[in-house]
Amino acid sequence: MLIMRFTGDALIMRLGQRRVIYGGAVLAFMGFLAIILAPQLPLLYAGFFLVGVGCANVVPVFYSMMGRQKVMPVNEAVPAVSTMGYLGVLMGPAFIGFIVQATSITSAFAFLASLLLVELVLAYVIFRQQA
């Protein structure tokens, strides 16, 4: 994930924001599938690697898009998005732990994979509105 963050700007300039978001979501989704279905430890590690590579540049792309949007003033949008991000960082692990406790870790990873599908749909809507 660190390497992808450092090379993210060059990757975005080369491939474009849409491909980075769509491709990243698909890579991360495949990573979660590998994590869920991994019969051996190397495949599990590969799954976590794909999740990191796929998710690394999502936040930078969406933050740059937030700076160009016209729906909300930027001085209000940045704190709103940052608050939602911090809520996710603080509440996400607890919520995932709740899912694990109530069901299983496989269900929790399946839930995270389904959130990547939501990301794909939201990205499609956002990119379509910009066009």
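Ala 113 lies in helix H6 of this predicted model. Helices (DSSP runs of H or I, at least four residues) and strands (runs of E, at least two residues) are numbered from the N terminus. Ala 113 has a relative accessible area of 3% and is therefore buried; buried means under 20% relative accessible area, exposed over 50%, and partly exposed in between, with a 1.4 Å probe and protein chains only.

Residues are numbered from 1 along each chain as its sequence is written. Because the model is predicted, local features need pLDDT of at least 70 and side-chain atom pairs count only at pLDDT 80 or more, whereas totals for chains, interfaces and linings use all residues; side-chain values use heavy atoms, with hydrogens and water left out.

The protein chain contains six helices and zero strands, in the order α-α-α-α-α-α along the sequence. Along the principal axes, its C-alpha atoms fill a box of roughly 45 × 35 × 25 Å. Of the 131 residues in the chain, 27% are buried.

Helix H1 (residues 2–15) has 14 residues, which should span 20 Å at 1.5 Å a residue, and the distance of 19 Å between its end C-alpha atoms agrees; the expected span is 1.5 Å times one less than the number of residues. H1 has a kink of about 55 degrees centred on Gly 8, the bend at a residue being the angle between axes fitted to the seven residues ending there and the seven starting there. Gly 8 is also one of the buried residues of H1, together with Met 4 and Ile 12. H5 bends by about 40 degrees at Met 91, and Pro 93 follows within four residues. The buried residues of H5 are Ala 77, Ser 82 and Ile 99.

The search of the whole structure gave five aromatic pairs. Rings of Phe, Tyr and Trp (its six-membered ring) pair if their centres lie within 6.5 Å; planes under 30 degrees apart count as stacked, over 60 as edge-to-face, and the rest as tilted. Phe 32 and Phe 109 form a tilted pair, with 5.9 Å centre to centre and 35 degrees between the planes. This pair links distant parts of the chain, since Phe 32 is in helix H2 (residues 17–37) and Phe 109 is in helix H6 (residues 105–130), 77 residues apart. Phe 32 is buried, at 8% relative accessible area. Ring pairs join Phe 32, Phe 48 and Phe 109 into a cluster.

Tyr 45, in helix H3 (residues 41–55), is exposed at 54% relative accessibility. Its C-alpha atom is separated by 9.1 Å from that of Gly 31, 14 residues apart along the chain.

Tyr 63, in helix H4, is partly exposed at 34% relative accessibility.
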